[in-house]
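I opened this notebook to keep track of what I looked up in one structure. The entries follow the order of my reading.

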Amino acid sequence: MILYHGSLEQVICPEIREPNRTLDYGSGFYTTTSFKQAEDWVRRKMKEKETNAGYVNVFDFDEEVQKRVNCLIFDAPTEEWVDFVMQNRTQKGFSHSYDIVFGPVANDRVYAAFALYEGGLLSKQELIAALKTYKLVDQYLFHTEIALKYLTFKEAIIVTK
């Protein structure tokens, strides 16, 4: 399987980094099966940092690894997915023991729906129903050093303005 990681840098050796903000699945190295999602992220970062170039880093990942490491897989938005994302985004110091987490991305548009849920304006079931109307992209979080060993760098594709 091919996975993509958008960055302002070439990432030949992925690292587990503590984020400077809360993320859907916690700290680690995020990838996606969507080239467009990775490219869009690079373009957003280029605009924020006022730089002219970034990279979509391409990795090979053997899906069979998911049978050998501790994985949490969400095939679609579910109550468990909502709870997990909310724990990561709202509970200071929350951590989990999964090597890899896979599931939908709670991007800015999706997170607006989460805010309505958090504010009590949507029930969990209403949130899930609303999310199912969105075309959600996926994300793979590599949360541990063990998990990172199963990513093989292939190339870095330059993205320019």
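My entries below go through aromatic pairs, pockets, salt bridges and cysteines.

**Ground rules**

I am working from a predicted model, where local features need pLDDT of at least 70, side-chain atom pairs count only at pLDDT 80 or more, and totals for chains, interfaces and linings use all residues. Residues are numbered from 1 along each chain as its sequence is written, and side-chain values use heavy atoms, with hydrogens and water left out.

**Aromatic pairs**

I took rings of Phe, Tyr and Trp (its six-membered ring) as paired if their centres lie within 6.5 Å, with planes under 30 degrees apart called stacked, over 60 edge-to-face and the rest tilted. I found 12 aromatic pairs by this rule. I looked at Phe74 and Phe84, a tilted pair with 5.8 Å centre to centre and 40° between the planes. Phe74 sits in the loop between strand S4 (71–73) and helix H2 (79–90) while Phe84 belongs to helix H2, so the pair ties together parts that are 10 residues apart in sequence. Helices (H or I, at least four residues) and strands (E, at least two) are DSSP runs, numbered from the N terminus.

Are Phe74 and Phe84 buried or exposed? I noted both as buried, where buried means under 20% relative accessible area, exposed over 50% and partly exposed in between (1.4 Å probe, protein chains only). I also noted that Phe74 and Phe84 form one aromatic cluster with Tyr25, Phe94 and Tyr98.

**Pockets**

The search ran on a 1 Å grid over the protein atoms alone; a pocket is an open set of points where a 1.4 Å probe fits, with protein on both sides within 12 Å along at least five of seven lines, and lining residues have an atom within 4 Å of a point. Points are joined across faces, edges and corners, and a volume is the space filled by probe spheres set on them.

The largest pocket holds about 1,500 Å³ of space. I counted 44 lining residues there, with Gly6, Arg21, Tyr30, Trp41 and Lys45 the closest to the centre. Which element gives the largest share of this lining? I wrote down H1, with 9 residues. Strand S1 (2–7), strand S2 (29–31), helix H1 (35–49) and strand S6 (138–142) each supply at least two. By type, the lining has 15 nonpolar, 13 polar and 16 charged residues; Ala, Val, Leu, Ile, Met, Phe, Trp, Tyr, Cys and Pro count as nonpolar, Asp, Glu, Lys and Arg as charged, and the others, Gly among them, as polar.

The second largest pocket has a volume of about 260 Å³. Its lining has 16 residues, and Glu18, Thr22, Asn88, Gly93 and Phe94 lie nearest the centre.

**Salt bridges**

I searched the whole structure and got 7 salt bridges, each a side-chain nitrogen of Lys or Arg within 4 Å of a carboxyl oxygen of Asp or Glu. Glu48 and Lys45 meet in one at 3.0 Å, N to O. These two are 3 residues apart in helix H1, so about one helical turn separates them. Glu48 is exposed at 52% relative accessibility.

Glu15 bridges to Arg17, with the closest N and O atoms 3.1 Å apart. I have Glu15 as partly exposed at 44% and Arg17 as exposed at 51%.

**Cysteines**

I found 0 disulfides, taking a disulfide as a pair of cysteine sulfur atoms within 2.5 Å. Cys13 is exposed at 61% relative accessibility, whereas Cys71 is buried at 19%.
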